Amino acid sequence: MPKTQLAIQRQTARRRESSFVSDLLQHNGEMQHHAKGCAWTGSAPGYESHKNSCSYEDKEDFPYLEVIRLLEKAKKKIQKLEARNKDLKSKNENMTSRLSAAETTKEELESRYCRLEQENQEIRNIIEQPSMNFKGGYIYDRHSVAQLTKLICQNLENKPDSIDSNKIFDCVKNTFSDLQKNWNDNPQDLYIDVRMLLAVCCASTWFSTNQRNQINNMSEKKGWG
């Protein structure tokens, strides 16, 4: 067969194929749109143009597309909430761990405090207790100033309840009076001992405000203030 005739036959076949596809697309487009209520008819190229502006094109599918969009949005929100929940769970576990450690530390400190209180109580129990004279006061005088100073130093800021601070103050005042009177039988180191006693009294919490003021006046009289 001549090449020219063969070429003509191929062109004819392509035209028929193109016409068939065009008719098929036109029929398919018309059927899709007619089923949705559209009355448009036309060629395949015209269908493609009409399809983009047809008001019936998405009406049937829109509710389903909206549902899909909402589901996707909900899915993303759930993922964010799950991530947030995971983060909060991790922080909660960390906080619980810290709280547990703090509770343990608190129990250890309370236990240690109890032990210290017991030890302090034991120390207080063995602290020297002042002896009484026949007048009901304490026996400390100019001959036992060092012992009186030691008694106060043992509990400088925590006077035992069993010791009367008023009676201790009377001993301090009487001892200072003896120093001032300069008795012939005063101990040789009375001056130094009284000065030390007054300094310890000022550093302690044993005395009232009025008593502390009197002790300060004693020190100033001797130039120790």
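This is a predicted model: local features need pLDDT of at least 70, side-chain atom pairs count only at pLDDT 80 or more; totals for chains, interfaces and linings use all residues.
Let me start with Asn182, which sits in the loop between helix 5 and helix 6, where helices, here and throughout, are DSSP runs of H or I with at least four residues, strands are runs of E with at least two, and both are numbered from the N terminus. The phi angle of Asn182 is near 55°, a positive value in a residue other than glycine. Asn182 counts as exposed because its relative accessible area is 56%, the convention being that buried means under 20%, exposed means over 50%, and partly exposed covers what lies in between, with a 1.4 Å probe and protein chains only.

Residues are numbered from 1 along each chain as its sequence is written, and side-chain values use heavy atoms, with hydrogens and water left out.

Staying in that loop, Asn186 also lies between helix 5 and helix 6, and at 16% relative accessibility it counts as buried. A polar atom of the Asn186 side chain lies 3.1 Å from the backbone oxygen of Asp178. If we leave aside residues up to four places away in sequence, Asn186 touches Arg142, Asp178 and Leu179, a contact being heavy atoms within 4.5 Å.

Arg142 pairs with Asp185, and their closest N and O atoms are 2.6 Å apart. Because Asp185 is in the loop between helix 5 and helix 6 (190-203), and Arg142 is in the loop between helix 3 and helix 4, this pair ties together parts that are 43 residues apart in sequence. As for accessibility, Asp185 is partly exposed at 46%, whereas Arg142 is buried at 16%.

Another group of salt bridges joins Arg84, Asp87 and Lys91 into one network through shared partners. Asp87 bridges to Arg84, with the closest N and O atoms 3.7 Å apart, and Lys91 meets Asp87 at 3.5 Å, N to O. Both Asp87 and Arg84 belong to helix 3 (residues 62-126), 3 residues apart, or about one turn of the helix, and Lys91 and Asp87, likewise in helix 3, are 4 residues apart, again about one turn. Asp87 is partly exposed at 33% relative accessibility, and Arg84 is partly exposed as well, with a relative accessible area of 46%.

Helix 5 passes helix 6 in a left-handed crossing, meaning that the near helix is turned anticlockwise from the far one by less than a right angle, with clockwise being right-handed. On the helix 5 side the contact is made by Val172, Thr175, Phe176 and Leu179, and on the helix 6 side by Leu190, Tyr191, Val194, Leu197, Leu198 and Cys201. These residues divide into 9 nonpolar, 1 polar and no charged, taking Ala, Val, Leu, Ile, Met, Phe, Trp, Tyr, Cys and Pro as nonpolar, Asp, Glu, Lys and Arg as charged, and the others, Gly among them, as polar.

Helix 5 (residues 165-181) also packs with helix 4 (residues 145-154), at an angle of about 145° and with the axes 11 Å apart, and helix 4 passes helix 5 in a left-handed crossing. Here Val145, Leu148, Leu151 and Ile152 of helix 4 meet Ile168, Cys171, Val172 and Thr175 of helix 5, a set that divides into 7 nonpolar, 1 polar and no charged.

Let me finish with the chain as a whole, which has 7 helices and 0 strands. Of its 225 residues, 22% count as buried, and among contacts with a separation of 6 or more, 56% are accounted for by residues 24 or more positions apart.

Technical notes
Axes are lines fitted to C-alpha atoms, for helices over the stretch in contact, and angles run from 0 to 180 degrees between N-to-C directions. A salt bridge is a side-chain nitrogen of Lys or Arg within 4 Å of a carboxyl oxygen of Asp or Glu. A polar contact is a pair of N or O atoms within 3.5 Å; within protein, one must be able to donate a hydrogen and the other to accept it, and residues adjacent in sequence count only if both atoms are side-chain atoms.
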